[in-house]
There are 2 protein chains.
Amino acid sequence: MEFRISDRMAAMKPSVIREILKQMSDPTLISFAGGNPAADSFPKEAIARFSAELLAEDPVGMLQYSVSEGVPAVREAMKQFVNRRFHVVRESDEALVVSGGQQVIDFAAKCLVNEGDTVAVEDPAFLGAYNTLRSYGAKLVGVPMEDDGVDLTVLEHVLKTQAPRLFYCIPNFQNPTGKTMSYEKRVGVYELCAKYNVPILEDDPYGELRISGEDVPPIKSLDQKGIVIYAASFSKILSPAMRLACCVCDKGIAQRMVVAKQCCDVHTTVWSQRVCARVLTETDIDAHIEALRDIYRRKANRMLNALDTLCPAIEHTVPEGGMFVWATLPVHIDMPAFVAKCLEQKVAVIPGNVFFVNESVPCQSVRMNYSSPTVSDIDKGVAIMADVLRSM
Amino acid sequence: MEFRISDRMAAMKPSVIREILKQMSDPTLISFAGGNPAADSFPKEAIARFSAELLAEDPVGMLQYSVSEGVPAVREAMKQFVNRRFHVVRESDEALVVSGGQQVIDFAAKCLVNEGDTVAVEDPAFLGAYNTLRSYGAKLVGVPMEDDGVDLTVLEHVLKTQAPRLFYCIPNFQNPTGKTMSYEKRVGVYELCAKYNVPILEDDPYGELRISGEDVPPIKSLDQKGIVIYAASFSKILSPAMRLACCVCDKGIAQRMVVAKQCCDVHTTVWSQRVCARVLTETDIDAHIEALRDIYRRKANRMLNALDTLCPAIEHTVPEGGMFVWATLPVHIDMPAFVAKCLEQKVAVIPGNVFFVNESVPCQSVRMNYSSPTVSDIDKGVAIMADVLRSM
């Protein structure tokens, strides 16, 4: 029988990137295409130790049903963690445990967006966010990125004329551009969204991974009116396989998010929650994060230096953290052909157009990931890119 | 700011049962209200051992991103497990790993149900399923339960006149009634749904927990046309906190379910997946399940005997497995008042009306859970119910 697919899902395609990545099982491939944390970034001894301790100390508590909001002690530990540099969690907020940052986007869309409604998004931005928003029937309106974040003039125009249900952004070390929204722009985004009564979905998976410059306060820390839904992921600082994030938002909307959680997967895996809480409370988490920053600083510098040295014709962003460099090819180079030739030579990058709301608009950029490859593969891969570029 | 809530979520309430359960932190309360596995039912030594082994042997594999379909070896282990008594997974099917049985309902609703569409459901049935279906804007049409499963005459009328997008059922030891759909009715349900081109969502969280009688083939095992989406949960045989289920369905719809998974939480926690696969492949899982059946058989018999002895005026189902007894009070007893008086006397049962599509219709039944309480609490609790009944 042919299933009749719902309207909201009929137009959806599997994630281009995940499909590309699945085809990349070739171990000789140098991949700048993924978004995985470095294999040596996981606090694996701590996780193994706390896992063993918890399963021995409280096996029933680790294995029995729990509450949809998240284990109370875990929520408290996450709240302390999220609040340690800036005042993110207000008195009138809840901190909920969810199964990864993607799920915050899912629940925000489900709770706030009717089918056919407009959602404003940074453009380009995280493709997974676009897909989730679209899977609830959202019509996306892109707001172009400038070097210091979204274009506020366009944002105001969109807020005023399209009455979006939500504005989605990644202020820190954005995926795919690596750009960071300036403090002034954060204030501007907040004031505009507050003025037009549009909730902000602030996605912050990379915020802890700063490798240069100074921390910029999250938009949530400016939030007097309770309009910001903030997602802090543990995928990039602990482990993506644990599927863990903390969603911080006003109690009113948090109640709805909890209903969405009940309806979706009841609660997040207790093992992930409690192991995370122990890592946060019983290890020097800031020392661990400092070590990650060292790893990523070294890799980022390696990639940026290689690009500058070997591919001077490629323009690129200089990310202050995160995992990505946004590299723009000279105008005479056909970007899709370049990506295809690199892949033939066993170097994978993601064509930049897939990160735009309208992916059919011509694009000269590619996304390069520096967190997963080894430093020697970074050198080799960029050298191959230089060869390909010369050959075109 | 007051958030504008989407139409689909604006009408939703937090799960009545989960809210009741949250208020039941009083340790002196005897609860027949929950649906938790027995605390001594978890294979906790095996889980702890395999967890330690896996985190030592392959820490990066345990902590790094994985694929949305589920870890291939885990899918294969689940497929073997699901197929060991009946041919559930056909050649043209996929077996996907998801984060609990609830998520199968979520994805099926998301992929198949437009807002305003009708979904046919067993009535009464699992409240969590109703809520998830409603959270995608489904209009539920209940099909009454007979002793051996749904009323086929009403089902055909609903299929013919309302063109539902889905029929939801729990053929084994149904929640809340404890009833099992007969083989003849399974064939009847399958043939009717095939005739009217209506997909079947077969929810089977309790199938392994048979305490008497003979296994009845799942509807999925009759499925020549690929119309059944089958959900096998590991919550009741391993651990609900692991959040694990296997979704079996035709490859065509499975592709859509994978897109829904990508959009929701990317993939299921790898720790849960791989620990489960080891339990399935490296322990005598059938011996473990036999031990669970012994636990639940003893508890069920204790509850049924206590009811027969102490509350002969209460009619009840005699479940062949699962976790629930559906107990119907004499006509002169006001059910909500009975539930309230029991709670005053520190015995909790769930008022039966909450499991109906229309929960405002008068109902004389309550749902009693026998899996969580101790045998001595079962005796004490039923004795208190008898006192309350006499007092009314």
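Modeller: Two residues are in contact if their C-beta atoms, placed from the backbone, lie within 7 Å. This is a predicted model, and by that cut-off the contact takes 69 residues from chain A and 69 residues from chain B.

Colleague: Which helix supplies the largest share of the side of chain A that touches chain B?

Modeller: Helix α10(A) does, with 9 residues. Among the others that each supply at least two residues are α3 (44–57) and α11 (270–282) of chain A. By type, that side of chain A divides into 36 nonpolar, 22 polar and 11 charged residues.

Colleague: What makes the relation of chain A to chain B that of a two-fold axis?

Modeller: Chain A can be laid on chain B by a turn of 180 degrees, with a shift of 0.0 Å along the axis and an RMSD of 0.0 Å. That is therefore the relation of a two-fold axis. The same surface serves both copies, as 100% of the contact residues of chain A recur in chain B. Of the residues of chain A, Ala52(A) comes closest to the rotation axis, at 3.3 Å (C-alpha).

Colleague: Why is α6(A) called roughly parallel to α7(A)?

Modeller: Helix α6 (residues 101–112) and helix α7 (residues 127–134) of chain A pack at an angle of about 30 degrees, with their axes 9 Å apart. Angles under 35 degrees count as roughly parallel, so α6(A) is roughly parallel to α7(A). Their crossing is right-handed.

Colleague: Which residues make the contact of α6(A) with α7(A)?

Modeller: From α6(A) come Gln102(A), Ile105(A), Asp106(A) and Ala109(A), and from α7(A) come Gly128(A), Ala129(A), Thr132(A) and Leu133(A). They divide into 4 nonpolar, 3 polar and 1 charged.

Terms used:
Residues numbered from 1 in each chain as written. Chains lettered and ligands numbered in written order. Predicted model: local features only at pLDDT ≥ 70, side-chain atom pairs only at ≥ 80, totals over all residues. Axes fitted to C-alpha atoms, helices over the stretch in contact; angles between N-to-C directions. Helix = DSSP H or I, 4+ residues; strand = E, 2+ residues; numbered from the N terminus. Parallel < 35°, antiparallel > 145°, perpendicular 65-115°, else oblique. Left-handed = near helix turned anticlockwise from the far one by under 90°. Nonpolar A, V, L, I, M, F, W, Y, C, P; charged D, E, K, R; others polar. Least-squares fit on C-alpha atoms with pLDDT ≥ 70 in both.
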